[in-house]
Amino acid sequence: MSDVILEMSNITKEFSGVKALSNVQFKVMRNEIHAICGENGAGKSTLMNILSAVYPYGSYEGDIIYEGKTCHFKTITDSEDVGIAIIHQELALSPYLSIAENIFLGNERSTGGIIDWHKTSSKAKELMDKVGLKENPNTLVTNIGVGKQQLVEIAKALAKNVKILILDEPTAALNEEESSKLLELMLDLQRHGITLIMISHKLSEITRVCNSITIIRDGKTIETLGKEQDEITEDRIIKGMIGRELEDRFPKRNTQIGEVCFEVKNWCVFDPNNESRQIIKNVNFNLRRGEVLGFAGLMGAGRTEIAMSLFGKSYGTKISGEIYKDGKQVYFNSVSDAVENGVAYVSEDRKTYGLVLINDIRANISLPNLKKLTKNAVIDSNKEIREAESYRKKLNIKSSSISQLTGNLSGGNQQKVVISKWIMAEPDILILDEPTRGIDVGAKYEIYQVINELVAQGKSIIMISSELPELLGMSDRVYVVNEGKMVGELGKEEVSPESIMKCILQTK
């Protein structure tokens with residue numbers, strides 16, 4: 001790894017007069033895995049979108065020098081033609097096309113203008129073997145999981161003879177086993193001569209596979225660290241990202257847990273697409289006032305299905321069971337029923353279920369709170385502005401103003417908007433489903449502080465998380481979910497990765 005394959009020099013990019021990048025310097029050596037780290041909104045994805053021509057030449061200042069030549073990529077095809085491909089955090093696959101069709105979409109195997117389906121299938125199988133995807137090439141993408149969809153995206157890039165592969169938060173939606181396999185695949189691709197650029201907030205993964213790390217803060221390059229010459233630790237990366245030491249990843253709180261305030265009995269839910277298939281099976285649990293209750297389990301265990309079915313029957317069919325709040329039985333037949341009874345739910349899929357991306361921050365925060373902002377059926381705009389602005393400051397939402405479209409915010413700042421709107425609703429019980437997925441350590445810390453403030457006020461939190469350190473660091477008690485059942489209940493002193501897996505394995 002002695003020669004430079006890519007250099008981005010003095011890259012500056014503005015959006016509506018706001019500088020997203022300012023004279024960024026970025027250099028990648030041939031055949032290395034190079035990570036880009038930074039807080040949400042630091043400019044990481046913007047920089048890679050410039051490289052891959054999502055933002056074309058002429059929309060930014062500075063130079064892209066690739067294999068010794070200055071490049072002016074005007075379209076994504078221009079960058080792909082020279083061997084640069086990007087896999088975005090939101091995968092760009094067509095769900096109702098097959099794996100083979102997706103791999104060669106826009107890059108069809110054809111003879112005389114007619115697609116050669118035999119060649120398409122056989123070549124797809126070759127590429128699938130390279131990435132370790134053991135599926136029939138004719139399987140529809142909608143019928144495979146997110147981890148396998150990532151492999152389809154990588155196979156798609158390999159079909160274009162990729163030399164530099166950019167992966168934006170590649171493991172954000174994957175469980176630990178899938179993440180580990182993807183990291184091994186990245187190392188294998190590197191061994192076969194491909195250079196990789198990785199954007200990630202998972203510092204343990206970065207330190208495991210990357211040769212170099214460039215840290216960006218507030219749109220500027222802070223430093224580039226190399227494994228051969230620098231001591232790379234998670235603490236050093238964090239300091240570069242947020243500009244200060246972060247002594248404790250999980251802020252301490254004085255826990256004062258009260259009586260049971262929410263209880264679920266014999267909760268059963270069936271698959272909305274197959275009414276004979278039971279998803280949730282006689283689930284029982286309780287939640288105490290001022291408590292952070294964790295839900296642990298493998299991907300697909302049923303944690304999200306429990307949460308959504310409780311929240312106004314947002315998921316499932318043939319739902320049965322009992323819900324008690326403050327000792328009284330309640331009935332949530334709709335989302336509005338749940339909200340009116342003081343229960344709110346922050347979805348793991350913020351873009352589909354949490355936000356109206358074409359609306360601004362103000363409208364998204366106020367949407368579930370219009371009753372508080374309305375007098376005689378007229379919204380008090382001044383009050384709406386004050387409330388939205390107060391939450392923007394309280395949760396440190398990085399934006400030009402509350403008038404900025406949520407679709408133009410970084411993932412972490414979008415997540416803060418979702419949490420803001422439900423905090424403003426003043427629920428007694430807040431269900432947080434993967435609340436810190438795809439966001440940086442600084443933003444995570446801020447969300448943890450908000451959680452601590454809420455429970456200090458006597459609110460109660462149910463936290464669903466695939467990150468075991470997060471569950472261990474934030475939960476007062478943990479229920480373990482497996483195959484739609486509650487298979488264990490662990491107190492704070494009992495919770496460990498080993499005890500959680502023991503609960504899961506006992507039910508196998």
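Biologist: Why is Asp-326 called partly exposed?

Modeller: The model is predicted, so this is a computed value. Asp-326 has a relative accessible area of 41%. Buried means under 20%, and exposed means over 50%. The 41% of Asp-326 lies in between, so the residue is partly exposed.

Biologist: Where is Asp-326 found, and what is its phi?

Modeller: Asp-326 sits in the loop between β16 and β17. Its phi is near 55 degrees, a positive value in a residue other than glycine.

Biologist: What makes Glu-483 partly exposed?

Modeller: Glu-483 has 43% relative accessibility. Glu-483 is not a glycine, yet it has a positive phi of about 50 degrees. Its place is in the loop between β23 (477-482) and β24 (485-491).

Biologist: Back to β16. How do you know that β16 and β17 pair?

Modeller: Two strands pair if there are at least two bridges between them. Three bridges join β16 (residues 317-325) to β17, so they pair. The two strands run antiparallel. Tyr-324 stands opposite Gln-329 in β17.

Biologist: What joins β13 to its partners?

Modeller: Eight bridges join β13 to β14, and six bridges join β13 to β16. At least two are needed, so both count as pairs. Both pairings are antiparallel. Phe-270 stands opposite Gln-278 in β14, and Cys-268 stands opposite Ser-320 in β16. A hairpin through two residues joins β13 to β14.

Biologist: In what order do the strands of this sheet lie, and which are called edge strands?

Modeller: The order is β14-β13-β16-β17, in an open sheet of four strands with antiparallel pairing. The edge strands are β14 (274-288) and β17 (328-330), since each pairs on one side only. Neighbouring strands are turned by 15 degrees against each other on average, direction ignored.

Biologist: Which helix lies across β13, β14 and β16?

Modeller: Helix α9 (residues 303-310) does, running at about 80 degrees to β14.

Biologist: How do the residues lining the largest cavity divide by class?

Modeller: There are one nonpolar, three polar and five charged. Ala counts as nonpolar and Gly as polar, so Ala-443 and Gly-442 fall into separate classes.

Biologist: How much space lies in the second largest pocket, and which residues lie nearest its centre?

Modeller: About 1,200 Å³ of space lies in the second largest pocket. A pocket, by definition, is an open set of points. The lining has 42 residues, of which Gly-41, Thr-46, Asn-408, Leu-409 and Ser-410 lie nearest the centre.

Biologist: Which element gives the most to the lining of the second largest pocket, and how does that lining divide by class?

Modeller: Helix α1 gives the most, with four residues. By class, the lining has 10 nonpolar, 21 polar and 11 charged residues. Elements that give two or more residues include β2 (18-29), β11 (212-217) and α15.

Terms used: Residues numbered from 1 in each chain as written. Predicted model: local features only at pLDDT ≥ 70, side-chain atom pairs only at ≥ 80, totals over all residues. Heavy atoms only, no water. Axes fitted to C-alpha atoms, helices over the stretch in contact; angles between N-to-C directions. Contact = heavy atoms within 4.5 Å. 1 Å grid on protein atoms, 1.4 Å probe; cavity = no way out; pocket = protein on both sides within 12 Å on 5 of 7 lines; lining within 4 Å. Points joined across faces, edges and corners; volume = space filled by probe spheres on them. Buried < 20%, exposed > 50% of the residue type's maximum accessible area, 1.4 Å probe, protein only.
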